[in-house]
Amino acid sequence: MKPQLSLALILILNTTLAGCSGDPGFGANLTVDSVETDSDVDYCGDPDEGTHCDTLTVSIEVTGDSDFSTNMFYWEAVGDDGGIYSAPWVNGAEGCAAGFTCEVTLDFAVADEAQLVELRWDNLFDQVNCSIEGVY
């Protein structure tokens, strides 16, 4: 085998195995229906550490062929302070089946004086995001 051909084959296989292409059947839409600022949640936010709790109510419409996991480590939010807030508490089902719409609440500990402006979901293969602005 020629060196150039074997290098190309290795790059193609490596890219495919590394998860660089997502599932073409995946599809989901996120909508932040409401945000409760300074929500009274014992495990989220600490005034002594300069944080408060924002609870987002999120609708997940799964339009593709793949189920949607609501694992806490797939979520993050961006604040108007430029901060990225990740791994929120997730209240609701552990996933949403393909073809259905589900609702979860996400509790983010957010820096005082900051407001969340974008919600992101990323499982390393697929990504979905939506704006939060105007929901407060």
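Student: In this predicted model, which residues of strand E10 form its covered face?
Tutor: Strand E10 spans residues 127–131. Its uncovered face holds Gln127, Asn129 and Ser131. The covered face is made of Val128 and Cys130.

Student: Is Cys130 buried or exposed?
Tutor: The cut-off for buried is under 20% relative accessible area. Cysteine 130 has 12%, so the residue is buried.

Student: Which residue of E10 is the bridge partner of arginine 120?
Tutor: Strand E9, residues 116–122, runs antiparallel to E10, and five bridges join them. The two strands form a hairpin with four residues between them. In E10, the partner of arginine 120 is asparagine 129.

Student: How is the disulfide of cysteine 44 and cysteine 53 handed, and why?
Tutor: The S to S distance here is 2.3 Å. Cysteine 44 counts as buried at 6% relative accessibility, and cysteine 53 is buried at 2%. The torsion about the S-S bond is about 95 degrees, so the disulfide is right-handed.

Student: What is the relative accessible area of cysteine 102?
Tutor: Cysteine 102 is joined by a disulfide to cysteine 96. Cysteine 96 is buried, at 2%. Cysteine 102 is partly exposed, with a relative accessible area of 23%.

Student: What is the pairing of the bonded cysteines in sequence order?
Tutor: The count comes to two disulfides. One joins cysteine 44 to cysteine 53. The other joins cysteine 96 to cysteine 102. Numbered in sequence order, the pairing is 1-2, 3-4.

Student: How far is the backbone nitrogen of aspartate 46 from a polar side-chain atom of threonine 51?
Tutor: Threonine 51 lies in strand E2, residues 51–62. Its contacts beyond four places in sequence include Asp46. The distance from that backbone nitrogen to the polar side-chain atom is 2.7 Å.

Terms used
Residues numbered from 1 in each chain as written. Predicted model: local features only at pLDDT ≥ 70, side-chain atom pairs only at ≥ 80, totals over all residues. Heavy atoms only, no water. Buried < 20%, exposed > 50% of the residue type's maximum accessible area, 1.4 Å probe, protein only. Pairing = 2+ DSSP bridges. Polar contact = N/O pair within 3.5 Å; in protein donor to acceptor, adjacent residues only side chain to side chain. Contact = heavy atoms within 4.5 Å. Disulfide = S-S within 2.5 Å.
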